[in-house]
Amino acid sequence: MTDPSSKHDQPERRTAPLVKAQKPMNTTDLINSLAADSRQMVQHKTRKDLASGIVIGGIVTVGALLAVFGVQPGLGQIDHLLPLLMKLAFVAAIGVPAFVVADQLARPDRGKQRIARLVAVPMVLLGILAIAQIALASSTSLPELVFGGSWRQCPARIAVLSLPILAGLLWAVRRQAPVHLRRAGMTAGLVAGTAAAAIYALACTEVSATFVLIWYSCGIAVTTMIGALIGPRALRW
């Protein structure tokens with residue numbers, strides 16, 4: 001016969017709490033997460049370096065502009081302000097997308113980017129405005145719309161003013177270890193050309209959209225070609 005007191009003498013059996021099994025860590029997900037974080041850090045550094053190159057070169061360019069040409073008088077007046085805004089809108093519509101492409105081409109993990117389409121839409125839009133100006137102008141004022149008073153100097157001035165900015169951009173791009181050197185140099189030249197054109201617009205007294213379309217584009221094109229020519233050497237790492 002079992003002693004009832006023996007039940008109290010036996011230790012109580014405690015059921016261990018159920019622990020939910022954790023899902024094993026997926027190595028692929030971990031690698032992808034680390035790679036995404038790394039890409040974000042690299043992208044931030046690239047844009048910071050490019051912006052620094054533009055700012056440093058731009059300071060030199062602005063100083064040269066003020067020392068040699070000065071700022072056109074009457075910028076606060078509507079007949080001077082509207083042409084300035086037209087010039088700035090044109091070069092910004094090219095330069096901002098070009099900066100994005102330069103940021104991508106500066107990094108070794110990005111493929112080739114199409115550059116020609118960056119300038120197509122802004123040039124078409126400005127071309128429409130130029131055609132409207134020509135259509136409304138008299139035959140005697142047509143040469144003034146096309147050539148203005150500085151068509152010989154304008155492209156060369158933009159190209160020369162762009163050199164400090166181009167140097168800053170090439171320095172910044174080279175720090176990112178680019179792969180497509182000629183395209184990266186070409187895009188850096190395009191960004192530098194548009195930035196220099198925007199700065200030169202502060203001194204330029206031309207008001208014709210036709211003039212800007214032709215001669216500003218020539219100056220920007222010269223800087224773009226310079227970047228393409230020296231890119232393979234300047235960006236080699």
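Does A177 count as buried or exposed, and at what relative accessibility? A177 counts as buried, because its relative accessibility is 18%, and buried means under 20% relative accessible area, with exposed over 50% and partly exposed in between (1.4 Å probe, protein chains only). A177 lies in the loop between α6 and α7, and it has a positive phi of about 60° although it is not a glycine.

Before walking on, a word about what you are looking at. This is a predicted model, in which local features need pLDDT of at least 70 and side-chain atom pairs count only at pLDDT 80 or more, while totals for chains, interfaces and linings use all residues. Residues are numbered from 1 along each chain as its sequence is written, and side-chain values use heavy atoms, with hydrogens and water left out.

Let us start with the overall plan. Read from the N terminus on, the elements run α-α-α-α-α-α-α-α. Of the 237 residues in the protein chain, 38% are buried. Now think about contacts, where contact means heavy atoms within 4.5 Å. Among contacts in the protein chain with a separation of 6 or more, 88% are between residues 24 or more positions apart.

What sits inside? In soluble globular proteins, nonpolar side chains tend to be buried together. A nonpolar core is a set of buried Ala, Val, Leu, Ile, Met, Phe, Trp, Tyr and Cys residues joined through side-chain atoms within 4.5 Å. Here the largest such core has 46 residues, and those with the most contacts inside it are L126, C154, I158, I165, L169, Y200 and Y216. The elements that give two or more residues to this core are α2 (27-68), α3 (78-105), α4 (116-136), α6 (154-174), α7 (181-200) and α8 (209-234). The most comes from α7, with 11 residues. Take L126 as a stopping point: leaving aside its neighbours within four places in sequence, L126 is in contact with M86, F90, A209, V212 and L213.

Next, visit S162, which is found in helix α6. How buried is S162, in relative accessibility? S162 counts as buried, at 0%. The C-alpha atoms of S162 and A192 are separated by 5.4 Å, although these residues are 30 apart along the chain. Apart from neighbours within four places in sequence, S162 is in contact with A192, G193, A196 and T223.

Now for the empty spaces. Rolling a probe the size of a water molecule over the atoms shows where empty space is left. On a 1 Å grid over the protein atoms alone, a cavity is a set of points where a 1.4 Å probe fits but cannot get out, and a pocket is an open set with protein on both sides within 12 Å along at least five of seven lines; lining residues have an atom within 4 Å of a point. Grid points are joined across faces, edges and corners, and a volume is the space filled by probe spheres set on the points.

The largest pocket has a volume of about 180 Å³. Of the 12 residues that line this pocket, the closest to its centre are V119, L190, I220, A221 and T224. Helices α3, α4, α7 and α8 each supply at least two residues of the lining, and the largest share, four residues, comes from α8.

A search of the whole structure also finds one cavity of 30 Å³ or more. The largest cavity has a volume of about 30 Å³, and its lining is made by Q72, D79, H80, P83, K87, C204, T205, E206 and V207.

Q72 lies in the loop between α2 and α3, and Q72 is buried, with a relative accessible area of 6%. The side chain of Q72 reaches the backbone oxygen of C204 at 2.7 Å. Leaving aside neighbours within four places in sequence, Q72 is in contact with H80, A201, L202, A203, C204 and T205.

Methods. A polar contact is a pair of N or O atoms within 3.5 Å; within protein, one must be able to donate a hydrogen and the other to accept it, and residues adjacent in sequence count only if both atoms are side-chain atoms.
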